[in-house]
Each structure stands twice: as structure tokens, then as C-alpha cells.
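Please read these comments with the coordinates open. They go point by point, from the whole chain down to single residues.

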Amino acid sequence: MLYNILTVFLMTTALMPPAMLQYYAFEPLLSQTQKIRVLGGYATLYLIELLFFLYMFIWGPWDHSFTLYKKIFVVAWIPHFLWAIATIRPYLFRHLYVFSIRAACTILIHTLSALILLALFHDPGSRPILPSLIYPAQWLFYILCYLALFPVLRQYFNEVFVKYRYLTTHKYWKYISMLPLFLLLDMYFILAHTEDLIMDQMLLPRMILLLALIIIAVSIRVGLRQADRTLKMYERVENMTAQIEASRDYIHSLLNSQDQLKGFYDSRKAYLDKLEGLISSHQPQEALQFIKEIGTQLDQTKQKQYCQNPLVNAALSTYLAKAEALHIPITVKAVIPKENAALSSDLAIVLSNLIENAIHASEKQPDSHRALSLLTLCQGDVLNILVKNRFDGTVTFDEDGLPTTQAKGHGIGMKSLSHFRDTYDASVLCTCEDGWFSTYIRVPWGEGSPS
């Protein structure tokens with residue numbers, strides 16, 4: 001009885017490390033609610049399987065054998081895997097990739113544990129067979145080996161899934177996940193049709209399989225790193241180009257204002273003579289109207305001051321002027337301090353991209369439905385930013401809650417926003433409700449903010 005209980009307990013527990021790897025591969029991407037749901041489902045499945053196996057091995061018809069264990073492990077992982085797919089979404093093909101890696105580890109560890117135990121307890125004159133008394137030792141060895149691999153595997157999956165999550169790699173994972181899966185299926189069909197224990201014969205093929213999967217895994221990481229570097233370089237070029245264009249437009253507007261002010265200065269004597277004539281001829285109303293006209297001309301020479309931060313103000317002046325030129329009604333209330341020069345430069349780029357996206361979206365709306373709003377508020381050391389524009393279309397969001405687009409040449413702005421969020425530990429929330437698309441940013445500001 002005690003042997004049965006111990007063996008079934010260790011066998012059922014041995015199913016959990018691969019299942020937990022399926023969870024930890026995506027854990028940084030999950031909300032607290034998702035984490036509770038996944039782990040709660042795992043705990044329920046574990047208890048159900050444990051009670052079922054205890055019943056079948058102690059009071060039911062099952063007996064401990066290598067063949068039966070193999071059949072159990074062929075199907076027992078399926079509920080955990082399906083539960084992970086159902087609750088950790090939308091990462092189907094990445095789930096398949098994780099499963100391929102974890103299955104290869106399972107095969108290799110089982111092989112090594114069986115060979116070690118066979119070397120200790122096997123009669124060299126007969127075919128390899130695992131005595132029933134050492135099954136608990138095999139399960140325990142398997143659990144310990146898998147837990148030893150856990151930190152390395154978890155770090156790898158967190159890097160390729162989390163660090164590079166802003167890369168548009170959905171189609172990439174759709175195809176690359178099939179390669180290790182097909183390699184494993186080839187091995188599976190070989191093993192599924194044998195009732196014998198052939199660990200000694202399969203050690204070399206399984207080592208070759210593991211080596212192939214390691215090469216695939218390393219290739220994926222290297223490819224993502226290269227894509228990340230290329231994308232960052234492209235973004236830097238795009239951002240530098242945008243900054244140069246914005247600076248050029250801002251300087252151009254300053255030069256226009258200077259020319260207008262120069263023209264006003266050159267005409268000052270004529271203005272004063274006309275004003276003196278109106279006053280001398282007792283025409284006060286006409287004189288006041290002429291003063292208002294002069295004031296209007298002076299106002300046209302001023303550059304709009306949206307906020308105290310010069311870098312952000314220059315960006316806002318350029319892009320909001322484009323919105324005004326397209327007759328898009330704008331509402332701006334920006335309170336952005338001067339501190340934190342590095343953050344100011346990146347924030348100027350982010351706001352430029354958001355406003356430019358808002359302008360493009362507004363152009364798709366009827367003239368009567370166009371609107372663009374920018375509101376900022378400082379609360380202590382935190383800067384809150386809200387950019388809104390009217391938009392009645394449909395927006396698709398990725399797993400990070402940022403809008404996605406398949407249009408060629410677009411989407412760089414949201415990738416810049418993703419970088420900004422990660423670099424400065426900011427919070428970003430995008431919504432599309434009631435005819436409004438909104439982007440809310442909450443970023444630490446001041447000396448203590450990340451840099």
C-alpha cells in the first residue's frame with residue numbers, strides 16, 4: 001500500500017514541472033487574475049489526477065509497469081496543456097514551441113534516469129528492464145533533474161517571449177514552432193510502437209534530437225536579437241528624421257514670425273502716424289479698432305507656448321500646427337516641467353508619434369466628427385498624459401494592449417511607445433470606446449525617475 005501511494009504520488013508530481021514551465025514561460029506577461037486562474041486550474045487537475053491514479057493503482061485493475069507508465073505520460077499532460085492554452089492567450093504557436101522544448105527535456109531526463117538506474121539494478125545478461133521497486137526512484141530523479149533545468153529554461157523563454165514581445169513575430173512563431181514539433185513527432189512514432197525498454201538503444205538518437213533543438217533555440221534567440229537591433233536602428237533613424245523635420249518646421253515658423261515682426265517694425269511709423277491722425281480727428285472708436293488690428297498682427301508673430309518644457313513644446317508646436325492646418329479642432333492643456341532632459345527628449349518623440357497617429361485617424365472621420373485632445377497633469381513625481389482623438393473604426397490590440405497595424409510603414413510609433421514604457425517604467429493604456437481612441441500614459445518624472 002505504502003509503495004503504491006508513494007509511486008503514484010511521485011508519478012503524478014512528475015507531470016507538474018513541464019506544466020509549470022508552460023506557465024512560467026509566459027508569467028511576466030500575465031495579469032494577476034490570469035496567474036490565479038492558471039495556477040488554480042493546475043492545482044485542481046493535479047488533485048483530480050492524483051485521486052484517479054490512486055484509485056486505479058490501489059483498488060482498480062492497473063499494475064505498475066513500464067508500458068502503462070508510458071501510456072499514462074502520453075495522455076496525462078494533455079489537460080494541463082489545454083488549460084494553459086485556454087487561459088494564457090493569445091500565444092498558441094508559442095505554446096507549441098514551449099511544449100516541444102519541454103518534451104525534449106522530458107525524453108532526455110527519462111532516458112538518463114532509466115540508464116542510471118538500470119546500471120545499478122540491472123542484470124547484464126538480460127534485456128534491460130526496470131524493476132518495479134525502483135520506479136519511485138526514477139520519478140524522484142526525474143523531478144529533481146527537471147527542477148535543476150527550470151532556471152535556464154525559464155530565463156530563455158522570458159527573453160524570447162517577453163524581452164522581444166514588441167516585435168511583430170506572430171507569423172514567425174506560427175512557422176518556426178512546427179520545426180521542433182515535427183522532430184519530436186518523429187521520435188514519438190518510433191517509441192509508440194514498441195513495448196520494450198530501449199533506453200540504451202535510443203540514447204544517441206535522443207542526444208542528437210536534443211542538440212538539434214538546442215541549435216533551433218539558439219538560432220531563434222540570435223534571430224530575435226538581430227531583428228531587435230535592426231528595428232531599434234530603424235526607429236532611431238525614423239525618430240531622428242522626425243526630430244529634424246520637426247525642428248526644421250519649428251525654425252521655419254520662427255523665421256516667419258521674425259519676418260512678420262520685422263514687417264511690423266518697418267511699418268511702425270506709418271501705424272503711429274495713422275493712429276495719431278485718428279486721435280487728432282476725434283475718432284476714438286476707429287482708433288480703438290486700429291489698435292485691435294495692430295494687436296492681432298502682433299499675436300500672429302508669437303509662437304504658441306503649450307508647456308514649459310522647451311523640447312516637448314517644440315514638438316507640440318509643430319504637430320499641433322499640422323492639425324490646425326487640417327481644420328481639426330484641438331484641445332490642449334499641457335503641464336510638463338523642464339526637469340529630466342533625457343526623458344523630455346523621448347517624451348517629445350512619443351507625443352509627436354501619438355499626435356501624428358491621431359491626425360491620420362482624424363482625417364478618416366467626417367469633418368463634423370474630428371477632434372483631438374491633449375491633457376497632462378503632474379501629481380507629485382508622476383506625469384499623467386492623455387491623448388484622445390475621434391475614431392469610429394475598429395482597432396486591433398496586441399497582447400500588450402497596444403494597437404497593431406498591418407499597413408506597410410506604420411506601427412513604428414507604437415513600438416516607440418513600447419520602448420518608452422519599458423525604459424522609463426511607465427504605464428500605458430490604450431482604449432477605443434464610444435467613438436474615441438485614447439492613449440493614457442503614466443510615467444515617473446523628476447530626479448528619481450528611471451533613465
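The numbered points below cover the fold, the strands, the aromatic pairs and some backbone details.

1. **Basis.** This is a predicted model: local features need pLDDT of at least 70, side-chain atom pairs count only at pLDDT 80 or more, and totals for chains, interfaces and linings use all residues. Residues are numbered from 1 along each chain as its sequence is written, and side-chain values use heavy atoms, with hydrogens and water left out.

2. **Overall make-up.** The protein chain has 15 helices and seven strands. These elements are DSSP runs numbered from the N terminus: helices are H or I with at least four residues, strands are E with at least two. Of the 451 residues in the protein chain, 45% are buried. Buried means under 20% relative accessible area, exposed means over 50%, and partly exposed lies in between (1.4 Å probe, protein chains only).

3. **Surface and contacts.** The accessible surface of the protein chain is about 24,500 Å². Carbon and sulfur atoms supply 63% of that surface. Areas come from the Shrake-Rupley method with a 1.4 Å probe; for residues, only the protein chains shown count as cover. Take the contacts between residues at least 6 apart in sequence: 74% of them join residues at least 24 apart. Contact here means heavy atoms within 4.5 Å.

4. **Strand pairing.** Strands β2 (residues 372-379) and β3 (residues 382-390) run antiparallel, joined by eight bridges. Two strands pair if DSSP finds at least two bridges between them. T376 stands opposite I385 in β3. The hairpin of β2 and β3 has two residues between the strands, and G380 takes a positive phi near 65° there. Strand β3 also runs antiparallel to β7, with nine bridges. In that pairing, V382 stands opposite P444 in β7.

5. **A charge over a ring.** The charged end of K388 sits over the ring of W436, 4.6 Å from the ring centre. The criterion is NZ of Lys or CZ of Arg within 6 Å of the ring centre and within 35 degrees of the ring normal.

6. **One side of α4.** Which residues of helix α4 (residues 66-75) are buried? They are L68, Y69, I72 and F73. These residues cover an arc of only 130° around the axis, so they lie on the same side of α4. The arc is that of the directions from the helix axis to the C-beta atoms.

7. **Aromatic pairs.** A search of the whole structure finds 19 aromatic pairs. Rings of Phe, Tyr and Trp (its six-membered ring) pair if their centres lie within 6.5 Å; planes under 30 degrees apart count as stacked, over 60 as edge-to-face and the rest as tilted. The rings of Y24 and F150 have centres 5.8 Å apart and planes at 85°, so this pair is edge-to-face. The pair links distant parts of the chain: Y24 is in helix α2 (residues 16-24) and F150 is in helix α7 (residues 135-163), 126 residues apart. Y24 is partly exposed, at 24% relative accessible area. F150 is buried, at 11%.

8. F53 and W62 form a tilted aromatic pair, 6.2 Å centre to centre with 35° between the planes. F53 is buried, with a relative accessible area of 6%. W62 counts as partly exposed at 25% relative accessibility. One aromatic cluster is made up of F26, Y91, Y97, Y156, F157, F161 and W173.

9. I85 is in helix α5 (residues 78-87). Leaving out residues up to four places away in sequence, I85 touches L92 and H95. The C-alpha atoms of I85 and Q22 are separated by 9.2 Å, although the residues are 63 apart along the chain. A cis peptide bond joins R89 and P90, with omega about -5°. P90 is found in the loop between α5 and α6 (92-121).

10. Where is H327? H327 lies in the loop between α13 (310-325) and β1 (330-333). Its phi is near 60°, a positive value in a residue other than glycine. H327 is exposed, with a relative accessible area of 68%. D434 is not a glycine, yet has a positive phi of about 55°. D434 sits in the loop between β6 (427-433) and β7 (436-444). At 75% relative accessibility, D434 counts as exposed.
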